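Me: I have a structure open here and would like to go through it piece by piece. Could you help me with that?

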Amino acid sequence: MAEVSIETMTVATTVKTSPKRTAAIVPERSVAGRTLVLLIAIMTFLSGVTLGGVVLVQKSAIAWSSDVGRQVTIQIRPMEGEVMDSNIRTAISLAESIPGVSDAHALSLADSEKLLEPWLGAGLDLSQLDIPRLIVVDLGDPKSVDLNLLSKDLQAVKGATLETHAAWRQQLNTMAGTLVLSGVLVLVLIVVATVLAVVFATRGTMASNREIVDVLHFIGASNAFIAGEFQGRFLALGFRGGVIGGVGAVLFFFAVAGAAGSIVPDQASAQLGFLFGRFSLGVDGILGIAAVVPVIASLTAITSRLTVRRFLSQTSGL
Amino acid sequence: MIAPADSERHSRVIEFTNVGLRYGHGPEILRDLSFRIEPGSFHFLTGPSGSGKTSLLRLLLLSLKPSRGTLTMFGRNVSQLDQDSLLDMRRHIGIVFQEFRLLDHLTTFENVALPLRVLGEPESLYRSNVTELLEWVGLGERMDALPPLLSGGEKQRAAIARAVIGRPDILLADEPTGNVDSELSLRLVRLFAELNKLGTTIILATHELGLLDAFDFPRMSLSDGQVTVDG
């Protein structure tokens with residue numbers, strides 16, 4: 001009976017003194033919370049959108065360049081005294097004799113009418129006009145095809161010229177490279193702006209928490225301990241802001257993809273898709289934006305830690 | 001030959017030798033201080049406002065280094081210590097301020113436990129010690145109260161408890177009775193005297209003549225940057 005009483009007392013004592021959650025040494029509200037979260041969210045959003053834009057441009061450029069690189073076109077102009085159909089057959093046969101060419105076929109008049117329809121309107125009858133005819137040559141293995149040889153062979157067909165799209169590809173690659181470089185530059189500027197903003201926010205926070213810092217100093221806390229207390233707060237803020245901005249950036253691309261599909265008419269949408277891709281980030285793009293979040297959070301934590309350590313070394317008096 | 005006990009006692013002596021202190025390029029606040037404080041002693045530090053009491057306490061708290069001369073604490077010249085050694089030494093020194101300097105967002109218990117928390121001790125280890133100390137200073141029922149809800153006397157007792165929870169060898173007090181009435185002042189000084197009986201060296205800065213007269217402890221008087229020890 002006595003044992004039961006003792007156990008009951010022990011339990012009662014345990015309940016009475018059971019520790020509640022210990023408060024953080026640096027109160028959450030004292031760290032320039034909402035403003036900093038908003039700032040980091042905006043910076044992460046901008047980084048995510050920029051990174052996503054770079055990914056889209058690069059993916060589209062690679063896809064476009066690859067598609068265009070797999071085809072060349074032979075154009076045969078009508079010439080006095082030449083039979084167009086005969087020239088077309090000769091050109092096709094010459095093209096098919098080149099190693100690496102998988103197919104060569106002439107575009108029918110109907111195909112040409114369809115191509116010219118956006119500019120000349122529907123119901124066009126090209127049979128009445130002497131227009132150049134096109135032969136599309138598909139390259140099974142673009143690297144192994146000797147286009148110089150094909151060009152030389154085609155000299156045997158009067159009015160035939162080879163269009164390799166090399167100038168277009170060069171132009172596209174230059175444009176895409178410029179856009180990617182600009183995107184990277186913007187990313188660097190955003191990172192620098194984020195670092196500066198976090199430095200100012202951290203210094204403001206440290207100044208407003210000077211009393212806590214002083215108390216911690218005189219009770220024997222090391223600078224590393226104090227920095228750790230503040231860094232934990234900034235890491236949490238950086239992560240929260242980063243997640244908000246990152247999710248916002250991904251939603252932005254979904255919204256743009258949805259809007260491009262619904263606002264632009266189908267035919268134009270297809271042409272836009274051909275030229276600029278489908279505004280679809282893909283898994284790698286989304287992963288890229290997701291990777292921005294820990295990068296921004298870590299950047300915030302590292303920047304604040306360095307700023308805090310500098311502040312503490314100036315104020316500790318040791 | 002010095003016996004081990006004498007050696008340990010010697011290492012806890014505080015010794016000033018021709019110590020001077022100035023801030024930046026300003027005039028010397030403290031000049032040619034040469035005196036010795038024995039371990040386990042109790043000294044009042046007195047002097048008019050601006051005489052340098054707080055500066056002397058800051059030297060003893062190691063938050064300032066002498067501009068010249070030698071200050072020896074725990075057997076070492078503090079001017080020659082690196083940051084880690086100074087930090088380690090500071091953990092043997094407790095301090096109580098006139099304005100309490102408790103953290104308002106932490107409970108009385110958490111404020112008192114702070115010195116142990118910064119050392120990384122788990123709460124399960126120090127909880128009973130902190131509770132016992134709070135009961136000893138008469139704050140057993142106020143453990144969960146936040147400082148803004150405490151009276152001046154309660155705040156000062158909490159500040160004293162925080163200063164001694166780490167069992168410091170030296171306890172510094174800068175006008176600890178400046179914000180409480182005279183009766184409570186006497187009770188607080190008695191509390192310091194109790195701590196002194198347990199072996200803690202106490203240096204208590206005050207300019208209240210009533211307190212100085214009520215207790216028979218030696219006085220260090222600061223005037224014109226120089227100190228005289230009597231009693």
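Me: How many bridges join S1(B) to S2(B)?

Reply: This is a predicted model, and in it S1(B) and S2(B) are joined by 6 bridges and run antiparallel. One example is B:Phe16, whose bridge partner in S2(B) is B:Phe35.

Me: And what order do the strands of that open sheet in chain B have?

Reply: The open sheet has 4 strands in the order S2-S1-S4-S5 (chain B), and the pairing is antiparallel. Its edge strands are S2 (28-37) and S5 of chain B, each of which pairs on one side only.

Me: How many bridges does S1(B) have with S4(B)?

Reply: Strand S1 (residues 14-22) of chain B is joined by 4 bridges to strand S4 (residues 68-73) of chain B, and these two run antiparallel. If you want a place to look, B:Gly20 stands opposite B:Arg68 in S4(B).

Me: What do S4(B) and S5(B) form together?

Reply: They form a hairpin with 2 residues between the strands, and B:Phe74 in the turn has a positive phi of about 50 degrees. S4(B) pairs with strand S5 (residues 76-77) of chain B in the antiparallel sense over 2 bridges, and in S5(B) the bridge partner of B:Met73 is B:Arg76.

Me: OK, on to the helices of chain B. At what angle do H4(B) and H6(B) cross?

Reply: The axes of H4(B) and helix H6 (residues 152-164) of chain B cross at roughly 30 degrees and come within 7 Å. The two helices are therefore roughly parallel to each other, and H4(B) passes H6(B) in a right-handed crossing.

Me: Which residues meet there?

Reply: From H4(B) there are B:Thr108, B:Asn111, B:Val112, B:Leu114 and B:Pro115, and they meet B:Ala158, B:Ala161 and B:Arg162 in H6(B). Sorted by class, this contact has 5 nonpolar, 2 polar and 1 charged residues.

Me: Then how does H4(B) cross H5(B)?

Reply: Their axes come within 10 Å and cross at roughly 120 degrees, and that makes H4(B) oblique to H5(B). This crossing is right-handed.

Me: What classes of residue make up that contact?

Reply: The residues of the contact of H4(B) with H5(B) divide into 8 nonpolar, 1 polar and no charged. In H4(B) they are B:Thr108, B:Phe109, B:Val112, B:Ala113 and B:Leu116, which meet B:Tyr126, B:Val130, B:Leu133 and B:Leu134 in H5(B).

Me: How far apart are the end C-alpha atoms of H5(B)?

Reply: They are 19 Å apart, which agrees with the 20 Å that the 14 residues of H5(B) should span at 1.5 Å a residue. H5(B) is followed by B:Gly138, whose phi is positive, near 80 degrees.

Me: Where does chain B touch chain A, in terms of elements?

Reply: In total, 20 residues of chain B are in contact with 16 residues of chain A. On the chain B side, the elements that give two or more residues are helix H3 (83-90), helix H4 (108-118) and helix H5 (123-136). By class, that side has 10 nonpolar, 4 polar and 6 charged residues.

Me: Let's switch to chain A. Which strands stand at the edges of its open sheet, and why is one side of each left without a neighbour?

Reply: The sheet has 4 strands in the order S2-S3-S1-S4 (chain A), with antiparallel pairing. Strand S2 (101-106) and strand S4 (160-163) of chain A stand at the edges, and each has a single partner strand, so one side of each has no neighbour in the sheet. From one strand to the next, the twist averages 20 degrees.

Me: How do S1(A) and S4(A) pair?

Reply: Strand S1 (residues 71-76) of chain A pairs with S4(A) in the antiparallel sense over 4 bridges, and A:Thr73 stands opposite A:Glu163 in S4(A).

Me: Which helix lies across those strands?

Reply: Helix H3 (residues 84-96) of chain A lies across S1, S2, strand S3 (133-139) and S4 of chain A, and runs at about 175 degrees to S2(A).

Me: Last one: at what angle do H6(A) and H10(A) pack?

Reply: Helix H6 (residues 166-208) and helix H10 (residues 282-315) of chain A pack at an angle of about 45 degrees, with their axes 9 Å apart. They are therefore oblique to each other, and their crossing is right-handed. By class, the contact of H6(A) with H10(A) has 9 nonpolar, 6 polar and 1 charged residues.

Conventions
Residues are numbered from 1 along each chain as its sequence is written. Chains are lettered from A and ligands numbered from 1 in the order in which they are written. This is a predicted model: local features need pLDDT of at least 70, side-chain atom pairs count only at pLDDT 80 or more; totals for chains, interfaces and linings use all residues. Two residues are in contact if their C-beta atoms, placed from the backbone, lie within 7 Å. Ala, Val, Leu, Ile, Met, Phe, Trp, Tyr, Cys and Pro count as nonpolar, Asp, Glu, Lys and Arg as charged, and the others, Gly among them, as polar. Axes are lines fitted to C-alpha atoms, for helices over the stretch in contact, and angles run from 0 to 180 degrees between N-to-C directions. Angles under 35 degrees count as roughly parallel, over 145 as roughly antiparallel, 65 to 115 as roughly perpendicular and the rest as oblique. A crossing is left-handed if the near helix is turned anticlockwise from the far one by less than a right angle, and right-handed if clockwise. Two strands pair if DSSP finds at least two bridges between them. The expected span of a helix is 1.5 Å times one less than its number of residues.
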